[in-house]
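Have the structure open as you read.

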Amino acid sequence: VKEGKGQRLECLRASLNRLTPECRKKMIKHDQINFIDPGADYALQTKCRNSIKLFCDPDDNDNKDLIGCLRKHLLKPTIEPECKQVVINRIMIQNQDARLNPTLWKTCSREINSLCKNELNDLKDLGESLEGNVIKCLKKSFINNALSSQCKIEIDEIMREAGSVD
């Protein structure tokens with residue numbers, strides 16, 4: 001991979017499961033920062049500059065979650081192909097670690113803390129990945145009809161989205 005423009009970080013993200021435990025831990029912490037502060041995500045900011053301006057109003061509190069904003073517009077023909085790929089990569093990361101999906105945490109926090117507490121307790125430290133276990137737990141709870149209506153909507157959207165971007 002050529003150096004510059006966040007290319008190497010994107011490569012490391014795509015290869016997360018093959019990294020050494022220490023490198024993987026650092027990448028997870030790096031991604032936690034990027035999801036809290038999308039301004040720190042170089043690839044997102046550069047490859048999605050036009051789509052962010054077009055779709056995400058910076059004064060709208062709901063659009064502080066840039067990935068959440070862009071994922072709503074992912075299938076529109078006006079989104080740049082490079083941006084679309086970055087957003088798909090971030091969605092895949094969020095589906096592996098629910099802590100990186102602010103909308104999911106906000107909508108399903110009660111269910112995560114009650115129904116999926118074992119998945120959270122399995123973490124030894126915050127630098128570890130949840131390996132998609134919280135979302136798996138929420139999907140099981142969805143099937144068992146144990147989620148609030150808002151959380152059901154969010155999980156349904158995640159499942160539909162996963163099918164369309166896979």
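Start with helix α7 (residues 102-115) and helix α9 (residues 133-143): their axes come within 11 Å and cross at roughly 80 degrees. Axes here are lines fitted to C-alpha atoms, for helices over the stretch in contact, with angles from 0 to 180 degrees between N-to-C directions. Since 65 to 115 degrees counts as roughly perpendicular, α7 and α9 are therefore roughly perpendicular to each other. On the α7 side you'll find L104, C108, E111, I112 and L115, which meet V134, I135, C137, L138 and S141 of α9 (contact means heavy atoms within 4.5 Å). By class, that contact has 8 nonpolar, 1 polar and 1 charged residues.

This is a predicted model, so local features need pLDDT of at least 70, side-chain atom pairs count only at pLDDT 80 or more, and totals for chains, interfaces and linings use all residues. Numbering runs from 1 along each chain as its sequence is written, and side-chain values use heavy atoms, leaving out hydrogens and water.

Now hop over to helix α1 (residues 7-14) and helix α2 (residues 21-36), which pack at about 115 degrees with axes 11 Å apart. That pair, too, is roughly perpendicular. L9, L12 and R13 of α1 make the contact with M27, H30, D31 and N34 of α2. The class tally there is 3 nonpolar, 2 polar and 2 charged residues.

Finally, look at R90 in helix α6 (residues 81-96). R90 is buried, at a relative accessible area of 1% (buried means under 20%, with a 1.4 Å probe and protein chains only). Leaving aside residues up to four places away in sequence, R90 touches E10, R13, F35, D41, A43, L44 and I67.

Notes. Helices (H or I, at least four residues) and strands (E, at least two) are DSSP runs, numbered from the N terminus. Angles under 35 degrees count as roughly parallel, over 145 as roughly antiparallel, 65 to 115 as roughly perpendicular and the rest as oblique. Ala, Val, Leu, Ile, Met, Phe, Trp, Tyr, Cys and Pro count as nonpolar, Asp, Glu, Lys and Arg as charged, and the others, Gly among them, as polar. Buried means under 20% relative accessible area, exposed over 50%, partly exposed in between (1.4 Å probe, protein chains only).
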